[in-house]
Amino acid sequence: TTGSYNNFFGAYAGYYNDTGCHNNFFGFRAGFSNTTGSDNNFFGNCAGYCNTEGENNNFFGDDAGRFNTTGSNNNFFGDNAGRFNETGCYNNFFGSYAGRYNTTGCNNNFLGHYAGRDNTTGGYNNFFGCQAGCSNTTGDHNNFLGQYAGRSNTTGCHNNFLGFQAGFSNTTGCNNNFFGRLAGCTTKEVI
């Protein structure tokens, strides 16, 4: 192999690395499948496990970015953050289970426990707050700021929900602007 400037610590870390350079894999099977990917940092058990060619990724936490193969320029911080990402790129997921089911969605920013958890292919979304946009799957160009904001949104797009539980019950509606605590929310407050 010709890979150089790599640091692999942990059983099977960087096991299949061939030509990948400038990688840091720390943890059991971290970066296990990496062959040519370079400039990656995977810290945690099975972090970046399936990565083969993805580059410029930072995965911190057990199973963070585990199924990433060729996705590049991603930052996943937290257990299971971006776990099922395969080819999605330019994503930032911060928090346990943030963006967990994302596969090909790109240009997303999810910050908070379970933020954007169910997102699969949706892109250009910004979800900030615990469970903000948690049920979103393919909706795109959404901005949900606040705990539980846009919690039930699945395919709705071009929405702006700002405030605690703002737009909580919206599922497929598009082009909505809800600002304020419980704005556009037709359910009782989550306790």
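Okay, let's start with a charge on a ring: the charged end of Arg66 sits over the ring of Tyr49, 5.1 Å from its centre. By that I mean NZ of Lys or CZ of Arg within 6 Å of the ring centre and within 35 degrees of the ring normal. Arg29 does this too, lying over the face of Phe32 at 5.6 Å from the ring centre.

Before I go on, this is a predicted model, where local features need pLDDT of at least 70 and side-chain atom pairs count only at pLDDT 80 or more, while totals for chains, interfaces and linings use all residues. Residues are numbered from 1 along each chain as its sequence is written, and side-chain values use heavy atoms, with hydrogens and water left out.

Now the sheet. We have 11 strands in an open sheet, running in order from β1-β2-β3-β4-β5-β6-β7-β8-β9-β10-β11, with parallel pairing. At the edges sit β1 (7-9) and β11 (177-179), each pairing on one side only. On average, neighbouring strands are turned by 5° against each other, direction ignored. That angle is between axes, lines fitted to C-alpha atoms, for helices over the stretch in contact, and runs from 0 to 180 degrees between N-to-C directions. Strands here are DSSP runs of E, at least two residues, numbered from the N terminus, and two of them pair if DSSP finds at least two bridges between them. Take β7 (residues 109-111) and β8 (residues 126-128): they pair in the parallel sense over three bridges. Asn109 has Asn126 in β8 as its bridge partner.

On to the rings. How many aromatic pairs does a search of the whole structure find? It finds 27, counting Phe, Tyr and Trp (its six-membered ring) with centres within 6.5 Å; planes under 30 degrees apart are stacked, over 60 edge-to-face, the rest tilted. Tyr15 and Tyr16 have centres 4.8 Å apart and planes at 85°, so they're edge-to-face. Ring pairs also link Phe8, Phe25, Phe42, Phe59, Phe76, Phe93, Phe110, Phe127, Phe144, Phe161 and Phe178 into a cluster.

Phe144 turns up again in the largest nonpolar core, which has 19 residues; Phe144 is one of those with the most contacts inside it. Such a core is a set of buried Ala, Val, Leu, Ile, Met, Phe, Trp, Tyr and Cys residues joined through side-chain atoms within 4.5 Å.

Last one: Arg83, in the loop between β5 (75-77) and β6 (92-94). Buried or exposed? Arg83 is buried, at 16% relative accessible area (buried is under 20%, exposed over 50%, partly exposed in between, with a 1.4 Å probe and protein chains only).

Technical notes
Helices (H or I, at least four residues) and strands (E, at least two) are DSSP runs, numbered from the N terminus.
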